[in-house]
Amino acid sequence: MRIALDCMGTDGAPASEIAGAFLTLQEQADDLTFVLVGDRVPIEEALRAAGSWRQGAVEVVHAPERVLPEDPPAQTVRRRPNSSIVTGIRLQKEGEVDAFVSAGSTGAVMATSLILLRPLPGVARPAIGTLLPTAAAPTLMLDAGANVDCKPHHLLQFASLGAIYAQDLMGVDAPRVGLLNIGEEPTKGDELSLEAFALLKQSNLHFVGNVEGRDIIRGVCDVLVCDGFVGNVLLKFYESVAAFTIKLLTRETEREGARMDLEEVLRVLDYAEYGGAPLLGVNGVSIICHGHSIPRAIHNAIRVAAQAVRTDMVGHIARDLRGEVDPGFPGPP
């Protein structure tokens, strides 16, 4: 399996990306080869600094350009054709690699994936899925920002895409799907929510109804559906609360002299544990990471990409859309 890793995306590029790849290879991932995409000189310097690599484990593809924050995402392919993002995704389009992982511009990765990989036949709007920590298992929320304006049938398709992800990568046989809303009752919400509720109710998905914001943390569903505007606001609020909670717990335990093991609490709240967010619905595996990603976050994003390839998640979605498998799940277990 060959994974293209954008080495120009994180704040600590390329050292963070290469350290993340090195962590992955330390887990005896003998079937993985990394194609490191970016400026060759700093990449090769970071490779030497990281340690001893397995023979044939890495190769470098020179891509001297870097997508800048002010670059319009939709024009990335035309304006930055030699960037690490465009080069890495093009390698996947040409069949040279099986997946692409980047901590670069979310908009650029999304736009370039749509242009080069193309949406799978039948996918109206590819969506970004991201994992939210809860009191139970993590919940996959989508869309996390790819689609600001949505129609009811888009939310239904997001639910189907998310359910397949939950099956293939989270190991959930019959994923519980919830619709983010301002109340539990079927009559609550705006026109989009009301119509989406009706579609989800009629589907073969294991739909558990509307989910209020206060119930997300309880883990009441495995897949949470919303439009990209709401999803992005929720995601950023979630991240800020997690950071605040970590600081508060650390401060209080130090002040009180408490001898409390915070390791598990911090692990659950740490974004690095969840790696990257997949762009679901395109004809390929594109994993989008946080720009602040540390090596462990890159390592976990690579793990997500590799699992998506091993389970043939893209093929599963394509077969679902063609009707070769049941387009949902047979109700509650």
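Which residues of helix H2 (residues 40-50) are buried?

Mentor: This is a predicted model, in which local features need pLDDT of at least 70 and side-chain atom pairs count only at pLDDT 80 or more, while totals for chains, interfaces and linings use all residues. Residues are numbered from 1 along each chain as its sequence is written, and side-chain values use heavy atoms, with hydrogens and water left out.

The buried residues of H2 are Ile43, Ala46 and Leu47. Buried means under 20% relative accessible area, exposed means over 50%, and partly exposed lies in between, with a 1.4 Å probe and protein chains only. Helices (H or I, at least four residues) and strands (E, at least two) are DSSP runs, numbered from the N terminus. Because Ile43, Ala46 and Leu47 cover an arc of only 105° around the axis, they are on the same side of H2. The arc is that of the directions from the helix axis to the C-beta atoms.

On the face turned away from that buried side, H2 carries the exposed residues Val41, Arg48 and Ala49. The buried residues, for their part, pack against helix H1 (15-26), strand E2 (33-38) and strand E3 (58-62); contact here means heavy atoms within 4.5 Å. After H2 comes Gly51, with a positive phi near 140°.

Pro14 is found in the loop between strand E1 (2-6) and H1, and the peptide bond from Ala13 to Pro14 is cis, with omega near -5°. Most residues other than glycine have a negative phi, and most peptide bonds are trans. A cis peptide bond also joins Leu142 and Asp143, with omega about 15°. Asp143 belongs to the loop between strand E7 (139-142) and helix H6 (152-170).

As for phi, Arg118 is a residue other than glycine with a positive value, near 70°; Arg118 lies in the loop between helix H5 (106-117) and strand E5 (127-128). Asp312, likewise not a glycine, has a positive phi of about 55°. The place of Asp312 is the loop between helix H11 (295-310) and helix H12 (313-322). Asp312 counts as partly exposed because its relative accessibility is 37%.
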